Amino acid sequence: MIPAELSALTELAGNLRWSWHEPTRQLFRHVAPEIWDAGAGPGQAANDPIALLGAVDPQRLRTLADDAAYVGWADGVREDLRRYLTEPRWYQSLDDAPASIAYFSPEFGIAAALPQYSGGLGILAGDHLKSASDLGVPLIAVGLFYRSGYFSQSISPDGWQQESYPLLDPDALPLTVLRDSAGDTVTVALALPEGRTLTARIWVALVGRVPLLLLDTDIPQNPDDLRVVTDRLYGGAGEHRLLQELLLGIGGVRALRAFEAVSGGPSPEVFHTNEGHAGFLGLERIRELMDVGLGVDDALQCVRAGTVFTTHTPVPAGIDRFDRQLIARYFGASDLLPGVPVERVMELGAEDGTDDVFNMAIMGLRLAQRANGVSRLHGAVSRRMFSSLWPAFDPDDVPITSVTNGVHPATWTDPALVSLAEERLGTTDTAHADWASPDIDDESLWSARRRMRDSLVRDARERVTNAFLRQQPGGIPPAWLGRVLDPDVLTIGFARRVPTYKRLTLMLHDRDRLRRILLDSEHPVQLVIAGKSHPADDEGKRLIQELVHFASEPEVRERIVFLPDYDMGMARTLYPGCDVWLNNPLRPLEACGTSGMKAALNGALNLSILDGWWDEFYDGDNGWAIPSADSAADGAERDALEATALYDLIEHQMAPRFYDRGGDGLPERWLASIRHTLATLSPQLSADRMVTEYVQRLYRPAAASAHALAAHEYAAARTLAEWKQRVTAAWPRVSVQHVESTGLEAPPQVGDALRVTARVGLDGLQVGDVAVEAVYGRSGADDTLTDVRRVPLAPDGESGGVRTFTGVVPLEASGPFGYTVRVVPYHELLSSPAELGLVAVAG
């Protein structure tokens with residue numbers, strides 16, 4: 001029982017802002033540092049206020065309740081939280097911004113105490129919510145509550161990954177069950193085949209200002225086989241996975257509506273789907289609109305207008321696909337979505353080239369008017385990967401943009417760096433601090449970095465010792481475990497999920513050379529490695545085993561360590577403690593790779609293949625780029641070439657620079673790179689930048705489109721649906737019949753103007769239904785155009801039912817020049833000329 005004088009602690013523990021707000025964390029740590037730092041018991045996460053308050057000696061709480069200074073401290077932190085939750089922030093300064101935005105994701109990484117994530121997708125989602133809260137963005141998030149989370153990892157004596165699934169008690173987590181005004185538990189239900197019903201209750205987590213709704217099927221209303229639908233994150237396949245995604249999408253929208261009814265808050269105007277797992281939400285929204293009188297095509301236009309779809313997948317194999325017969329069974333043999341024709345559902349997920357697969361990402365793209373990848377390079381990869389949906393367009397015209405991921409600075413920046421900025425620069429905002437300021441001298445900066453490295457070394461030694469004791473209960477840990485790593489040695493970190501394309505073991509390609517690098521007498525190096533392989537991925541587990549075996553060799557075991565059970569708690573020490581962050585995927589298979597961002601926020605330099613975010617932010621002074629051997633004859637040759645480049649960079653550039661010390665013992669050039677990294681990357685890598693981009697470039701335009709279609713009882717939606725049907729039906733007969741040009745002298749000169757005239761057959765369409773453009777650029781040997789630009793051609797008469805369009809194309813550069821003319825549909829409510837996938841080009 002918490003004393004009344006300490007009621008502030010209960011309120012503070014109930015809002016997950018404590019996971020990133022250092023003053024709140026210090027307040028709880030003061031209660032019982034040993035419990036806060038180590039956890040409340042075996043298997044319990046550290047830094048968990050609710051577990052802390054449940055485990056601490058009641059007499060300690062009574063003592064604190066009698067301490068006026070501590071009570072005043074707690075009350076002050078609570079008042080700060082209340083101000084944070086209510087005061088206007090950046091978003092409240094915007095005009096015409098949506099009043100509410102729904103954000104759906106299959107996983108959320110908020111804190112280690114709430115293990116509802118597996119890797120980068122979930123951590124990104126958690127950081128998205130945190131920055132949305134900090135900026136005042138009115139997000140409501142929706143996910144599932146997995147009773148066993150992802151899994152806990154241990155390593156067997158022979159190096160093989162082992163999984164365990166400890167059950168989570170939601171009553172011991174920062175969650176409250178959603179109840180109606182009568183105090184009854186709110187549930188949502190989905191009709192399943194054979195007359196069955198899947199029911200879920202709704203847990204609510206408060207992430208600062210953002211409510212996170214988590215659906216849970218482990219309730220008595222469900223039979224045993226349905227209670228386990230939300231058992232594990234990514235723990236099933238086939239029908240089990242489909243049930244999870246139906247619940248997330250369809251049940252998630254219904255949970256939102258229930259939350260609106262209880263809270264009285266506004267309905268979301270924009271729906272953001274974080275990956276395809278939640279794609280069924282669009283079908284539920286179509287059903288809702290059909291219930292108020294819209295036809296399926298009209299409803300589809302409304303849903304598309306207000307939906308944003310983010311893909312994180314750089315390869316087709318990473319997309320969820322279901323057997324079409326299974327989809328037909330669920331949507332055609334039940335009242336899951338009454339009124340929505342099963343044939344239309346099947347069309348939305350149809351994948352070109354196959355009749356037996358329902359593709360969740362393709363459905364997501366067809367249900368969203370705006371879509372994006374998660375780095376500039378990934379946007380280009382996505383445009384190529386999904387180009388079959390817009391077959392007549394060049395990949396550059398495919399309507400998928402990019403918003404490069406960011407990470408939440410307050411979550412991932414080490415307190416040592418925050419304290420340095422506060423002490424010397426008067427700010428705790430490390431992402432925008434003046435790291436070039438002379439107020440921070442080299443010695444202070446290097447001292448902070450050394451403390452972070454020392455924390456990592458101590459944490460690693462404790463983890464490997466605990467892992468030994470779990471394997472050999474009652475055994476005596478060998479002395480060498482206390483010598484693992486050295487706080488004064490150049491430390492390289494590598495931690496992530498372990499699919500094969502991330503190449504965990506590339507560093508082992510030449511083991512003799514790696515040994516020499518690790519054990520070099522003048523420039524020693526140490527490696528700290530962590531990661532989990534999916535339970536069904538035996539090849540990933542084999543890579544872990546190979547790494548663990550090497551790290552166990554007596555010669556190198558104090559210089560390379562694999563830390564089991566990688567999670568957010570480990571990451572908060574691992575990222576800051578490394579001098580260099582390593583990433584060596586097969587380019588371009590890393591969509592973004594935010595772990596290197598978190599390291600950079602702490603002054604670590606990156607050593608990475610030019611993939612994901614590093615492709616756009618590497619500048620030569622913030623780390624090193626590993627050359628990609630894209631032209632290698634095969635995968636083995638590519639690995640060999642890139643591994644050799646990796647060794648060369650460490651041995652000949654990185655380590656010498658780290659150990660190049662002046663008379664004061666400080667690495668001046670290395671510190672210059674740290675300052676440069678902190679000053680230039682921190683603002684760009686912040687999730688605040690990312691969320692601001694989503695608001696300005698995607699959420700606000702999506703809300704404007706949704707409002708336009710909903711106006712006057714959805715009149716515009718009906719008109720747009722009819723217009724699309726009419727244009728699509730007529731398009732096979734639209735053609736560019738003739739193109740001619742005049743105006744260029746021989747030889748043409750930069751500054752000349754080419755007058756282009758095109759004769760276009762519209763076959764019943766009106767001039768206002770199309771846009772006619774001259775497309776021009778530098779002409780290649782195969783007549784392809786690069787540096788492409790477009791000039792609109794204006795209508796200029798009609799003869800015999802054929803329209804004439806004219807315009808002027810400027811000659812802006814010397815060299816080979818080419819142009820063509822294209823016709824695309826035009827409507828003011830389209831977000832892109834390629835939206836309908838229709839184009840007519842001069843032959």
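Predicted model: local features only at pLDDT ≥ 70, side-chain atom pairs only at ≥ 80, totals over all residues.
Q: What makes the protein chain count as compact as a globular protein of its length?
A: The chain, with 26 helices and 29 strands, has a radius of gyration of 29 Å. The globule rule gives 28 Å for 843 residues, and the two values are close, so the chain is as compact as a globular protein of that length. Its C-alpha trace spans about 95 × 70 × 50 Å along the principal axes.

Q: What share of the 843 residues is buried?
A: Buried residues make up 57% of the protein chain. The cut-off for this class is under 20% relative accessible area.

Q: Why is glycine 126 called buried?
A: Its relative accessibility is 0%. Buried means under 20%, so glycine 126 falls in that class.

Q: Where is glycine 126, and which residues is it in contact with beyond its neighbours within four places in sequence?
A: Glycine 126 lies in helix 7, residues 120-135. With those neighbours left aside, glycine 126 is in contact with Phe108, Gly109 and Ile110. From glycine 126 to glycine 109 the C-alpha distance is 4.7 Å, at a separation of 17 residues in sequence.

Q: Why is proline 33 called partly exposed?
A: Proline 33 has 31% relative accessibility, so it counts as partly exposed. This residue is found in helix 3, residues 33-38. Proline 33 and arginine 661 are 628 residues apart in sequence, and their C-alpha atoms are 37 Å apart in space.

Q: What is the strand order of the open sheet of seven strands?
A: The order is 23-24-27-26-25-28-29, and the pairing is antiparallel.

Q: Why do strand 23 and strand 29 stand at the edges?
A: Strand 23 (735-742) and strand 29 (840-841) each have a single partner strand, so one side of each is left without a neighbour in the sheet.

Q: How do you know that strand 23 and strand 24 pair?
A: A pair needs at least two bridges. Strand 23 and strand 24 (residues 753-761) have seven, in the antiparallel sense, and are therefore paired. One example is glutamate 740, whose bridge partner in strand 24 is threonine 757.

Q: How far apart are the mean positions of the positive and negative charges?
A: They are 1 Å apart, for 77 positive and 114 negative charges in the protein chain.

Terms used
Residues numbered from 1 in each chain as written. Heavy atoms only, no water. Helix = DSSP H or I, 4+ residues; strand = E, 2+ residues; numbered from the N terminus. Rg over C-alpha atoms; globule rule 2.2 N^0.38 Å. Buried < 20%, exposed > 50% of the residue type's maximum accessible area, 1.4 Å probe, protein only. Lys, Arg positive; Asp, Glu negative; His and termini not counted. Charge placed at Lys NZ, Arg CZ, Asp CG, Glu CD. Contact = heavy atoms within 4.5 Å.
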